Amino acid sequence: MGTRILQRLLPVINHSFKSYPNLKHERIITTPLNFPIIRNYAKNKDKGKDKKGKGAKVDINPAMMAEVVAVDKIQDRCKAAIEKMKDDFAKNLSLRSTTGSIESLQVKFDGKEYELQELAQIVRKNPKTIVINFSSFPQVIPDALKAINNSGLNLNPQQDGTTLYVPVPKVTKEHREALAKNAKALYIKCRDTVKDVQNDFIKKVKKQTGLSEDLAFNVSKQITALCDEYQNEAKSIYETKHTELVGK
């Protein structure tokens, strides 16, 4: 009698499951007595997701970070790297070789670094010629010539005694490309400096004792995210400068 009742109820039960789409991952099987058994198949919603949240946006919490590392030092070192890159861009990557860019040119003499303007008198004779007078320090001329030739400013100085005459070159495609190459080198230097800051502070976190694994992991992720912001800023500045130099 019980078997007949179950046989009559089975079509009704099957119909009920068909009426609910959300139960499509469930299946009805029967025993030899046609007694329905329901098996649930879990939906793998997290399939393919990185449980550690790789690629997810990291929220930076300076207060949390400050409990473990000196956040202001991270920021100061990253900002200094970017300012150095911007300063180098301004001094060394002018499309027009101005007197100012030559004045600040670094010259290595007698084991020390000097700005060219500290060693010579620099004047712009006319729009096409810059004159550099080394009468006070003639012994520095070979080092000054080396610095000028390696400056990437596309300058070709002509020496007459203790004076250098520097023709201001035309802005050619080759000159633009040379400056763009130098800009990339300066950007990579800045990028690597910021990366070094990131690695330094992550190492400091790992060396600390008494930190929970979760706190160390979270702070390390935030250090990376913070440095990534400075990396993006440096890249944006470089791309703007590159566009300016190549004229595209």
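Cys227 counts as buried because its relative accessibility is 0%, where buried means under 20% relative accessible area, exposed over 50% and partly exposed in between, with a 1.4 Å probe and protein chains only. Cys78, likewise at 0% relative accessibility, counts as buried. The model is predicted: local features need pLDDT of at least 70, side-chain atom pairs count only at pLDDT 80 or more, and totals for chains, interfaces and linings use all residues. Residues are numbered from 1 along each chain as its sequence is written, and side-chain values use heavy atoms, with hydrogens and water left out.

**Cysteines**

- A disulfide is a covalent bond between the sulfur atoms of two cysteines.
- The structure holds zero disulfides, the criterion being a pair of cysteine sulfur atoms within 2.5 Å.
- Cys78 takes part in no disulfide, and its nearest cysteine sulfur, that of Cys227, is 4.1 Å away.
- Seen from Cys227, the closest cysteine sulfur is in Cys78, and the 4.1 Å between them is too far for a bond.

**Nonpolar cores**

- In soluble globular proteins, nonpolar side chains tend to be buried together.
- The largest nonpolar core has 30 residues; such a core is a set of buried Ala, Val, Leu, Ile, Met, Phe, Trp, Tyr and Cys residues joined through side-chain atoms within 4.5 Å.
- The residues with the most contacts inside this core are Met65, Val69, Ile74, Cys78, Phe89, Val205 and Ile223.
- Two or more residues of this core come from each of helix 3 (71–92), helix 7 (173–207) and helix 8; helices (H or I, at least four residues) and strands (E, at least two) are DSSP runs, numbered from the N terminus.
- Helix 7 supplies the largest share of the core, 10 residues.
- Val69 touches Ile74, Phe201, Val205, Gln208, Val219 and Ile223, not counting residues up to four places away in sequence; contact means heavy atoms within 4.5 Å.
- A second, separate core of 22 residues includes Phe109, Leu119, Ala144 and Leu164.

**Buried polar residues in the helices**

- Asp88 has its place in helix 3 and is buried, with a relative accessible area of 11%.
- The side chain of Asp88 makes a polar contact with the side chain of Lys84 at 2.8 Å. A polar contact is a pair of N or O atoms within 3.5 Å; within protein, one must be able to donate a hydrogen and the other to accept it, and residues adjacent in sequence count only if both atoms are side-chain atoms.
- Asp88 also touches Leu93 and Leu186, with residues up to four places away in sequence not counted.
- Gln231 lies in helix 8 (residues 213–246) and counts as buried because its relative accessibility is 12%.
- A polar atom of the Gln231 side chain lies 3.2 Å from the backbone oxygen of Arg191.
- Leaving aside neighbours within four places in sequence, Gln231 is in contact with Arg191, Val194 and Lys195.

**The four-stranded sheet**

- Strands of a sheet pair through backbone hydrogen bonds, either parallel or antiparallel.
- An open sheet of four strands has the order 5-6-8-7, with antiparallel pairing; two strands pair if DSSP finds at least two bridges between them.
- Strand 5 and strand 7 (158–160) stand at the edges, each with a single partner strand, so one side of each has no neighbour in the sheet.
- From one strand to the next, the twist averages 25°; axes are lines fitted to C-alpha atoms, for helices over the stretch in contact, and angles run from 0 to 180 degrees between N-to-C directions.
- Strand 5 (residues 121–126) pairs with strand 6 in the antiparallel sense over five bridges, and the two form a hairpin with two residues between them.
- Across this pairing, Gln121 stands opposite Asn133, Ile122 has Ile132 as its bridge partner, and Asn126 has Thr129.
- Strand 6 (residues 129–133) is mostly covered, with four of its five residues buried.
- Strand 6 also pairs with strand 8 (residues 163–167), in the antiparallel sense and over five bridges; here Val131 stands opposite Tyr165.
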